[in-house]
Amino acid sequence: AGPDDLSRHTQRKWYIAERDLGHRVEFQEMDMAAGEHKEPKFLSVNPFGALPAMTVTDDEGRELYHLFESGALLLALAEIVQETNTTAKRAVASQWVLFANSTLGNALFVESIREKQLPGVLSTLDTLLQTREYLNGDAFSVCDVAVGAYLLYVPLFFPNLSFAEYPAVCAYMCRLRE
């Protein structure tokens with residue numbers, strides 16, 4: 001598994017592959033052009049009519065709850081595999097998922113703040129990653145999928161953006177590609 005082709009390997013698919021959850025997850029294609037995301041059945045899962053969305057069921061197939069927003073889906077998957085089975089683990093995972101989806105995402109994709117904020121974000125990440133293999137220490141986790149997906153988007157969206165002055169971030173990105 002890995003984020004080699006991020007157009008196919010979303011955060012959720014990457015995490016599902018890493019945690020061998022494929023047998024527990026069913027993906028459904030949606031024809032957005034035909035408006036399937038605006039039909040009542042889908043709106044009951046995500047009232048905003050947007051992807052991603054997920055329905056969690058029990059072992060008998062009964063619906064337990066619905067989720068939308070990529071970070072929420074990622075955290076729910078981590079809970080299902082019991083990666084976040086303590087309050088502390090849930091808090092740390094939430095911290096990194098929120099960091100990825102707000103701080104890092106904004107620093108990368110909001111052009112008006114990129115030049116000012118991205119160097120500080122990457123410098124801090126570089127310092128942290130100089131003393132650990134992964135965001136949570138020596139073990140790959142949901143935190144790395146959340147943050148790593150954004151970092152690995154950079155070559156696709158910003159081919160001229162260099163991370164050369166952040167060697168620990170570059171090494172981390174190489175580990176994630178593996």
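Modeller: Helices here are DSSP runs of H or I with at least four residues, strands are runs of E with at least two, and both are numbered from the N terminus. This is a predicted model: local features need pLDDT of at least 70, side-chain atom pairs count only at pLDDT 80 or more, and totals for chains, interfaces and linings use all residues. Residues are numbered from 1 along each chain as its sequence is written, and side-chain values use heavy atoms, with hydrogens and water left out.

Biologist: Thanks! How many helices and strands does the protein have?

Modeller: There are 7 helices and 2 strands. Starting at the N terminus, the order is α-α-β-β-α-α-α-α-α.

Biologist: And what is the mean pLDDT of the protein?

Modeller: It is 89, with 95% of the residues at 70 or more. pLDDT, by the way, is the predictor's confidence in each residue, on a scale from 0 to 100.

Biologist: Which elements have the lowest and the highest mean pLDDT?

Modeller: Helix 1 (residues 11–18) is lowest with a mean of 80, and helix 5 (residues 111–129) is highest with 97.

Biologist: Where does pLDDT stay under 50?

Modeller: That happens over residues 1–9. The model still gives this stretch 17 contacts beyond four places in sequence, a contact being heavy atoms within 4.5 Å. Where pLDDT is low, predicted coordinates should not be read in detail.

Biologist: What share of the residues count as buried?

Modeller: 40% of the 178 residues do. Buried means under 20% relative accessible area, exposed means over 50%, and partly exposed is in between, with a 1.4 Å probe and protein chains only. As for contacts between residues at least 6 apart in sequence, 52% of them join residues at least 24 apart.

Biologist: Back to helix 1. Which of its residues are buried?

Modeller: Q11, R12, W14, Y15 and I16. These buried residues pack against helix 3 (70–80), helix 4 (87–109), helix 6 and helix 7 (167–177).

Biologist: Why does W14 count as buried?

Modeller: Because its relative accessibility is 0%. W14 sits in helix 1.

Biologist: Is S70 buried or exposed?

Modeller: S70 is buried, since its relative accessible area is 17%. S70 lies in helix 3, and besides P52 it touches Q11, R12 and N101, leaving aside residues up to four places away in sequence.

Biologist: What about E69, where is that placed?

Modeller: E69 is in the loop between strand 2 (63–68) and helix 3. Its phi is near 85 degrees, a positive value in a residue other than glycine, and at 53% relative accessible area E69 is exposed.

Biologist: And Q82, buried or exposed?

Modeller: Exposed, with a relative accessible area of 56%. Q82 is in the loop between helix 3 and helix 4, and its phi, near 60 degrees, is likewise positive in a residue other than glycine.

Biologist: Let's switch to the surface. Which residues make the nonpolar patch?

Modeller: F109, L156 and F157 make it, over about 320 Å². Patch residues have over 30% relative accessible area and no salt bridge, with like charges joined within 9 Å and nonpolar side chains (Val, Leu, Ile, Met, Phe, Trp, Tyr) within 5 Å. A salt bridge is a side-chain nitrogen of Lys or Arg within 4 Å of a carboxyl oxygen of Asp or Glu.

Biologist: Where is F157?

Modeller: In helix 6 (residues 142–157). L156 is found in helix 6 too, and with a relative accessible area of 57% L156 is exposed.

Conventions
Areas by Shrake-Rupley, 256 points an atom, 1.4 Å probe, with all protein chains shown as cover.
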